[in-house]
Amino acid sequence: MPTFPWEKFKAGEDLSPEALAAENVQEVAQEPESQLFRTAAQGLTFRFADEVEAVVRSAFSDRKYDEVRDEIRQKLTDYKISNPATALTAETVGAIIPSIAMMATGYGSPVGAANLKRTFGSIAAQSAATAVGETEDLSDIAGIGTSTGFGTAGGILFEGAARGTGKLLSPLINFVRKKFGDRADTAVQAELQRLVESTGLTVDEVISGVADGSVIADNLTLVNSIKSMVNEGGDVAADIIARSGARRASTGQAAQQQLEGALAPQSSDPNVIRAFRESEERLKNQQAEAYSEAFEQAGDVPVELAEQMQNILQRMPQARAGLEEIYQADNIVPLFRTDAAGAITLARRPTIKDAEILRRTLSDIKSGKFREGQGTMGEVVGGMERTLRGGIDEASPQVGSVRADYAARMSARDAFEEGRKALNKNVDELQIFVDGLNPQQLEAFRAGTMAAIRDRARRLRTTVRKLADEDTQIGAALRVVLPENQAQSVTSSLRRAADADIVAEKVQPTAGSPTAQLMREQELRGSRPSAEDSFRMSQGDPFAFIKTLKNAIPSGKGLDQSQMLEVVKILYSESPELVERALKDNTVQGELLRAAERIASALATTGRTATIQQSAQ
């Protein structure tokens, strides 16, 4: 019910119904027209909408720009005075629209502007735009600067408050995680999913890779991401360097063991050359014992074989000289004598051992003739050796068996030496050579290749990387030598070791260009507030206030140190179960938390622009 106008009654004013009605009509007439759209447009355009409208309207009329602009500004001012709440709401809604657009494009989103130091430039730019759009006198530098300062301070304070509010949600999120089996969404999971997406692999492919022995950090597309974490310094950098170094060592050792298991499975000594030579020495001793036993059991040679030996000695003076030297050195009774006419007669009945000594002497002479380029004579001596060998084997099969075994062992020694050259051989020729080896020779050849790999790895740090690459000389040669049933597992192990080695090398603080470290140092230089800054801030200097506030903002990417340590832990985890829990979250609770975080992020981002504009005003 309307109250009686006592003040007008005391003043003696006309209180007739006609007078009161006329007064009401006048008040209604004085109510300014709605400027709701224009006010919202001011927020949308950082307070430049009035200038834009004035330009357009003056271009299509005879009125001057200044006249139109001032008229619009007056209408806006009258509307704000008459409808302050509505005007503030409209301008705030208009200011929110740019933030929504920034979120839609990714620029200015919580991920894109997670670091407040990086956000500072965006906040300051918006504040400056608002200050310029608000002022009517562009020469008022001080006023524009003050408005910019207050707008920037307001924006940063709002950003900090929004982050603080987000951190207050952490206990709730942790409670939900514990309540629902540690499967609810987190910022750590979001960051891990972002990193996985950048690899081009699906989450299931990543989990499968971990199950096969890899870790997420092995993916070379993540080198720059991991390196950027190291450049931030702190506990995260130390943790990455330690984990990458340990990963390099463990994968390198695993690859070494895989190679040794495939190429030198019989050797328990990591020094393959020493192991092979010790094995060879043992075999020689065993062969000597086997020969002694065979010679004792064989006894004297048949008459036909004795005549064959006498004939060879008569025709081969070099063989006679060789036998005399051996018998004299070994203190054996001479086998033959030479009469005055130069004829050779046997001094005693030859044994199988005498025949085998003569055969070995012929074999040595044959090899010497071929080395000297006397191939024809070498073939003649070789024919004698083969004939004698056949007679010995017929007379004593046991000696023939021991000799054949010894020959195989000696050929294995030659194969071992060839294996030490395998990495440098023409790959096509190498394939033909390997196909022609018997099992014993192939075993020795592979052991020789392993010895060559160990030697090369000590000389060149990049050996593992080249072995992992089938397009390199040694990588292609290795694939020819490897047993077919182990080739895939060995090469997979080598690739893991190569990737871990590259990552460990590139994430080191001293690796690569020093640009990032220099930029970081330049950013920190002069950042500590001085006494003068404190004094200027106490006097109300907005720029000193902004500088102090900016330098108080910690660096980071939206995650604190403990969260980043969790990210690193998953990146280097060898547990597929742990990685799956970290990357996958299909629960309803997780969806609810994601929705809540999206809403909170949207409110924080959209509210920042409105706060900047109101603070600048």
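In this talk, a residue is called buried when its relative accessible area is under 20%, exposed when that area is over 50%, and partly exposed in between, using a 1.4 Å probe and counting protein chains only. By that definition, buried residues make up 37% of the 617 residues in this protein.

The model before you is predicted, so local features need pLDDT of at least 70 and side-chain atom pairs count only at pLDDT 80 or more, whereas totals for chains, interfaces and linings use all residues. Residues are numbered from 1 along each chain as its sequence is written, and side-chain values use heavy atoms, with hydrogens and water left out.

The protein has 30 helices and 2 strands. Both are DSSP runs, numbered from the N terminus: helices are H or I with at least four residues, strands are E with at least two.

Let us turn to helix H16, residues 317–330. How far apart should its ends be? The expected span is 1.5 Å times one less than the number of residues.

Which residues of H16 are buried? They are Ala 319, Arg 320, Gly 322, Leu 323 and Tyr 327. These cover an arc of only 165 degrees around the axis, which puts them on the same side of H16; the arc is that of the directions from the helix axis to the C-beta atoms.

The buried residues of H16 pack against helix H15 (303–315), strand E1 (336–338), strand E2 (344–346) and helix H17 (352–371), where contact means heavy atoms within 4.5 Å. On the face turned away from that buried side, H16 carries the exposed residues Glu 325, Gln 328 and Ala 329. After H16 comes Asn 331, with a positive phi near 55 degrees.

Helix H10, residues 187–199, may be read in like manner. Its 13 residues should span 18 Å at 1.5 Å a residue, and its end C-alpha atoms are 19 Å apart, which agrees. Buried in H10 are Val 188, Gln 189, Glu 191, Leu 192, Leu 195, Val 196 and Thr 199. Their arc is only 160 degrees around the axis, which puts them on the same side of H10. Gly 200 follows H10, and its phi is positive, near 85 degrees.
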